[in-house]
Amino acid sequence: EGVDPKVFGEIEANIRKDRPAFLKNFALSFYGRTAVKHTVSEALLEWNLSMAFTGSLRSTLAAANAWAITDFRADMKEIAIPVRVIHGTSDATVPIDASARRSVKILRNATLTEYEGEPHGLFITAADRLNQELFEFLGGEVDPHLTTKGLPE
């Protein structure tokens with residue numbers, strides 16, 4: 001009921017054909033970066049790519065396979081603690097309808113916060129908002145050292 005399995009077949013084929021190009025393009029989509037919308041810097045994309053290259057071809061393929069075949073729905077039904085689901089509405093990596101909106105229907109005690117226009121990598125693109133929300137959910141206060149407020153542009 002999620003993403004069309006053909007998508008994962010294409011991912012595997014592209015990883016096998018040209019893994020560096022796949023990983024570079026994946027990062028652009030992950031962070032919602034386009035020619036017009038520079039959500040993250042070139043340096044961050046290079047850093048992301050360098051981390052991705054630390055995994056082998058085998059592990060990259062295994063991760064993609066796990067995305068395709070792992071079904072957590074039965075496990076999710078057993079989770080009773082409060083859960084905050086946070087998802088970007090412009091997530092091109094994991095569609096919000098197939099994941100977050102479906103998850104809050106399965107989880108017994110979940111709330112969903114949708115970040116309008118944010119991509120999958122919103123932990124970078126919306127870091128201050130995310131940190132604030134997580135601290136509020138956990139009942140704490142945001143450490144000012146964990147925000148970008150007041151830093152030079």
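1. Among contacts (heavy atoms within 4.5 Å) between residues at least 6 apart in sequence, 64% join residues at least 24 apart. The model is predicted: local features need pLDDT of at least 70, side-chain atom pairs count only at pLDDT 80 or more, and totals for chains, interfaces and linings use all residues. Residues are numbered from 1 along each chain as its sequence is written, and side-chain values use heavy atoms, with hydrogens and water left out.

2. The secondary structure comprises seven helices and two strands, taken as DSSP runs (H or I, at least four residues, for helices; E, at least two, for strands) numbered from the N terminus. Their order along the sequence is α-α-α-α-β-α-β-α-α.

3. Of the 153 residues, 29% are buried, that is, under 20% relative accessible area (1.4 Å probe, protein chains only). Along the principal axes, the C-alpha atoms fill a box of roughly 45 × 45 × 25 Å.

4. The largest pocket holds about 1300 Å³ of space. Of its 38 lining residues, Val 3, Phe 8, Trp 67, Ala 68 and Val 94 are the closest to the centre. A pocket here is an open set of points on a 1 Å grid over the protein atoms alone, where a 1.4 Å probe fits, with protein on both sides within 12 Å along at least five of seven lines; lining residues have an atom within 4 Å of a point. The volume is the space filled by probe spheres set on the points, which are joined across faces, edges and corners.

5. Helix α1 (5-30) is one of the elements that supply at least two lining residues to the largest pocket; with 11 residues, α1 gives the largest share.

Note on methods: Buried means under 20% relative accessible area, exposed over 50%, partly exposed in between (1.4 Å probe, protein chains only).
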